[in-house]
Amino acid sequence: TWTAPGFDDSSWTEGGAPFHYGDGITGGTALTDMQGRYTTVHLRTRFHVEDPGVVSDLRLQALADDGFIAWLNGV
């Protein structure tokens, strides 16, 4: 599935945040084809931690309208 760490996302379109349609937001990626066609947007990003043993805290910050789910390594 697309949430698995090894999923091949090389064919996915790339764009900068914030992702939006309408709402008077500027910048980022305007999803002009979204309204009436699809209701979700799936985003992926990769990061590498050289030595996970030294990590004691990890924070994710997000701003979402209507809902948000985050997976880390498929969980």
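These questions and answers go through some side chains of a predicted model.

Colleague: How many aromatic pairs does the count come to?
Modeller: Rings of Phe, Tyr and Trp pair if their centres lie within 6.5 Å. By this rule the count comes to three.

Colleague: Is the aromatic pair of tryptophan 2 and tryptophan 12 stacked, tilted or edge-to-face?
Modeller: The two ring centres are 5.9 Å apart, and the angle between the planes is 40°. Planes under 30 degrees apart count as stacked and those over 60 as edge-to-face, with the rest tilted. The pair of tryptophan 2 and tryptophan 12 is therefore tilted.

Colleague: How many residues apart are tryptophan 2 and tryptophan 71, which form an aromatic pair?
Modeller: This pair is edge-to-face, with 5.2 Å centre to centre and 80° between the planes. Tryptophan 2 lies in the segment before strand 1, and tryptophan 71 lies in the segment after strand 2. The pair links distant parts of the chain, and the separation is 69 residues.

Colleague: Which residues do ring pairs link into a cluster?
Modeller: Tryptophan 2 pairs with tryptophan 12, and tryptophan 2 also pairs with tryptophan 71. The cluster linked by ring pairs consists of Trp2, Phe7, Trp12 and Trp71.

Conventions. Residues are numbered from 1 along each chain as its sequence is written. This is a predicted model: local features need pLDDT of at least 70, side-chain atom pairs count only at pLDDT 80 or more; totals for chains, interfaces and linings use all residues. Side-chain values use heavy atoms; hydrogens and water are left out. Rings of Phe, Tyr and Trp (its six-membered ring) pair if their centres lie within 6.5 Å; planes under 30 degrees apart count as stacked, over 60 as edge-to-face and the rest as tilted. Helices (H or I, at least four residues) and strands (E, at least two) are DSSP runs, numbered from the N terminus.
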